[in-house]
Amino acid sequence: MRFFHKQRDDGNTRMKFFHNLLNIEKKQTTFDKIQGYDDIKEIVKRALNGSDTYNLIFIGSPASGKTLFLEGIMEIRKDAVYFDATNMTNRILDILEEKRPKIICIDEIEKASKNWQEKLLNFMESGRIKVDQQKKSYDFIINGAKVFSTCNDISRLSKPLQSRFRKIFLPKYSQEQFLNVCEKIMQKLSPSIARYIGAKVYETDGDVRNALQVGKLVERNDGPEDIERIMNTLMRYGADRK
Ligand SMILES: Nc1ncnc2c1ncn2[C@@H]1O[C@H](COP(=O)(O)OP(=O)(O)OP(=O)(O)O)[C@@H](O)[C@H]1O
Ligand SMILES: [Mg+2]
């Protein structure tokens with residue numbers, strides 16, 4: 001009797017093992033979700049692994065995958081911190097002081113005020129954060145931090161700040177790349193429908209987010225005419241004519 005029990009347990013354990021294995025295989029990382037750019041993914045991973053400081057900035061038009069890269073970095077390094085430069089407050093100083101993070105992600109850095117850009121430059125030069133304010137003063141050092149950042153327009157950063165970063169320009173997608181991205185992000189639809197939407201959107205503004213918005217309205221049995229009609233309606237009412 002004992003023997004049978006043991007056998008059944010082993011069977012269950014084995015089942016669980018394979019179940020877990022399959023789940024692990026299925027779980028996609030954020031980097032897996034980024035279509036293409038295997039070469040850049042390699043650079044980012046190497047920059048993260050290395051012991052030296054390394055500052056990278058992703059530059060590109062809207063929906064070129066810049067924030068996705070920061071999300072991927074945040075997932076790889078759980079100790080990383082993320083700031084949205086459109087909303088820089090003193091809370092950031094508190095977080096830096098408290099956590100002393102070695103990986104700092106700053107999204108849309110060109111939106112940070114001149115004042116914040118200067119603070120960041122000083123930090124990237126010396127590792128020191130020294131800010132005197134009415135309510136609270138900060139003076140601390142984070143050695144060897146790496147900064148990963150994004151921006152649409154690099155010319156809005158001061159030259160000294162630009163020079164602290166290794167720049168990665170994400171070019172506009174070619175049509176083929178655009179269709180591949182659409183296929184990847186619209187997995188609920190068949191590849192041919194996703195690519196059809198991609199081709200149509202590429203003809204207009206080539207914005208991945210727009211393709212995604214069309215894709216969300218498309219149902220399984222829809223064909224090209226339905227997609228065309230949906231897109232026309234969205235375009236007809238999309239412009240603000242006041
Ligand atoms: N290479 C890609 N692989 C997978 N999805 C992509 C890719 N490029 C763009 N996308 C899609 O486009 C959306 C926008 O990407 P992301 O937020 O990274 O753009 P961004 O470059 O940060 O744009 P913005 O300048 O407006 O902030 C993502 O949610 C994703 O669905
Ligand atoms: Mg972004």
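## Reading the model

Residues are numbered from 1 along each chain as its sequence is written, while chains are lettered from A and ligands numbered from 1 in the order in which they are written. Because the model is predicted, local features need pLDDT of at least 70 and side-chain atom pairs count only at pLDDT 80 or more, whereas totals for chains, interfaces and linings use all residues.

## The five-stranded sheet

Let's start with an open sheet of five strands, in the order E2-E3-E6-E1-E7, with parallel pairing. Strands (E, at least two residues) and helices (H or I, at least four residues) are DSSP runs, numbered from the N terminus, and two strands pair if DSSP finds at least two bridges between them. At the edges lie E2 (81-84) and E7 (166-170), each pairing on one side only. From one strand to the next, the twist averages 15 degrees (axes are lines fitted to C-alpha atoms, and angles run from 0 to 180 degrees between N-to-C directions).

Inside this sheet, E3 (residues 103-107) runs parallel to E6 (residues 146-151), joined by four bridges. Isoleucine 103 has lysine 146 in E6 as its bridge partner.

Next, meet E4 (residues 128-132) and E5 (residues 137-141), an antiparallel pair with five bridges. These two strands form a hairpin with four residues between them, and lysine 130 stands opposite aspartate 139 in E5.
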